[in-house]
Amino acid sequence: MRAAVLIGAYNISIIDLPVPRLQNATDAIVRITASAICGSDLHYYHQELGTPEDPMPIGHEAIGYIDSIGDAVQTLQVGDYVVIPDNVDDGHFNFGPELPNSYGSSRLGGCQAEYVRVPFADDSLIPVPVNASTNATTVMDYLFVSDIFATGWTVLDFAGFQPGDTVAVFGAGPVGLLAAYSAMLRGASRVYSVDHVQDRLDLAESIGAIPINFNRSDPVEQILAYEPNGVTRSVDCVGYEAVNAQGEVELGIVLRNMMNVTSDYGGIGVVGVYLGEETTTMSMTQFWRKALTMGSGIVLPLQHATELVQLIASGRASPSFVVSSTIGIEEVPEYFRRFDQHLETKVVIQFP
């Protein structure tokens, strides 16, 4: 099968890999019909990961139909359309929150490929009502339950969101756009979208968010001009590679901006990825005096799959508005470059 792999920094290649086979009775093999390039993929893209001898499969968003199942799979059948979440079930009972078992950075392999093996299929896969008459836009809507729609939705929970809240979303990439979109679906009174890529801000404005371009002036001052007391919720959809107005990476800039723009007794949510050993500082005195709360972590799409699938099936939600290009697998290396250079908002990979 054809698959995208990482062979060193900024080097995506399309190679032939063996089609995965069932290894356990609880496995399923899914024939992928659509995958996507995610902002989280760029964190790996920028690192010296993978070698010609040991290429690193990449990608963690996918939808397709079941090609084969193990003998112990009980709730799924060959031919069923399913979403593969970026973090699947680990097959064990956990007293606490389930630890992520992720595609694109582990032994599970990557989802930018023609076939994917899914362990513990009954508990990992998300069935969706797709058939031969379902249009391509709706299929892409369901695809994003695998990660970015679920992540944009969950970061609001991390921030303690309630209907009527005002929300500042830092980052207008795919996750940030869907965080803004989710806030509106859930009853936010006003949503601010903070970024420096004008095309992305225009897209945020098209769904009703107030665009804040930090290249023009301090984003905190811009938002406080609208909200003198600050917003009730702010969310980080950027992570450790956030840049300042000079285009330089400045670790912690988003966290500090959120502290400054969030009102007393407000909430902060963080889903932007923070990797490595670098540390950042923020004022615990300010955090304490303002009586803020903060939630963060890796999102598990399975926790919100039911409501998100229902919102899409009913026509209430259509997260595929973020898609800027649809490509074939052989075009992936070029579109990684374009996505990294902010020439694309969201890229979907379609398979025959």
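Strand 1 (2-6) and strand 7 (115-118) each contribute at least two residues to the lining of the second largest pocket; strands are DSSP runs of E of at least two residues, helices are runs of H or I of at least four, and both are numbered from the N terminus. The structure is a predicted model, in which local features need pLDDT of at least 70 and side-chain atom pairs count only at pLDDT 80 or more, while totals for chains, interfaces and linings use all residues. Residues are numbered from 1 along each chain as its sequence is written, and side-chain values use heavy atoms, with hydrogens and water left out.

Strand 7 supplies the largest share of this lining, three residues. The lining of the second largest pocket has 20 residues, and M1, P20, L108, G109 and G110 lie nearest the centre. A pocket is an open set of points on a 1 Å grid over the protein atoms alone, where a 1.4 Å probe fits, with protein on both sides within 12 Å along at least five of seven lines; lining residues have an atom within 4 Å of a point.

Eleven salt bridges are found in the whole structure, each being a side-chain nitrogen of Lys or Arg within 4 Å of a carboxyl oxygen of Asp or Glu. In one of them, E61 pairs with K346, with the closest N and O atoms 2.8 Å apart. This pair links distant parts of the chain, 285 residues apart: E61 is in the loop between strand 4 (56-57) and strand 5 (62-69), and K346 is in the loop between helix 11 (332-340) and strand 16 (347-350). Both E61 and K346 are buried (under 20% relative accessible area; exposed is over 50%, partly exposed in between, with a 1.4 Å probe and protein chains only).

Another salt bridge joins E334 and R337, at 2.4 Å between the closest N and O atoms. These two residues are separated by about one helical turn because they are three residues apart in helix 11. E334 is partly exposed at 37% relative accessibility, and R337 is partly exposed at 31%.

D41, in helix 1 (residues 39-45), is buried but has no salt bridge; K346, the nearest side chain of opposite charge, is 6.6 Å away. The D41 side chain makes a polar contact with the side chain of H60 (3.3 Å). A polar contact is a pair of N or O atoms within 3.5 Å; within protein, one must be able to donate a hydrogen and the other to accept it, and residues adjacent in sequence count only if both atoms are side-chain atoms. N244 is also buried, at 9%, and its side chain makes a polar contact with that of E250 (3.0 Å).

Note on methods: Lys, Arg positive; Asp, Glu negative; His and termini not counted.
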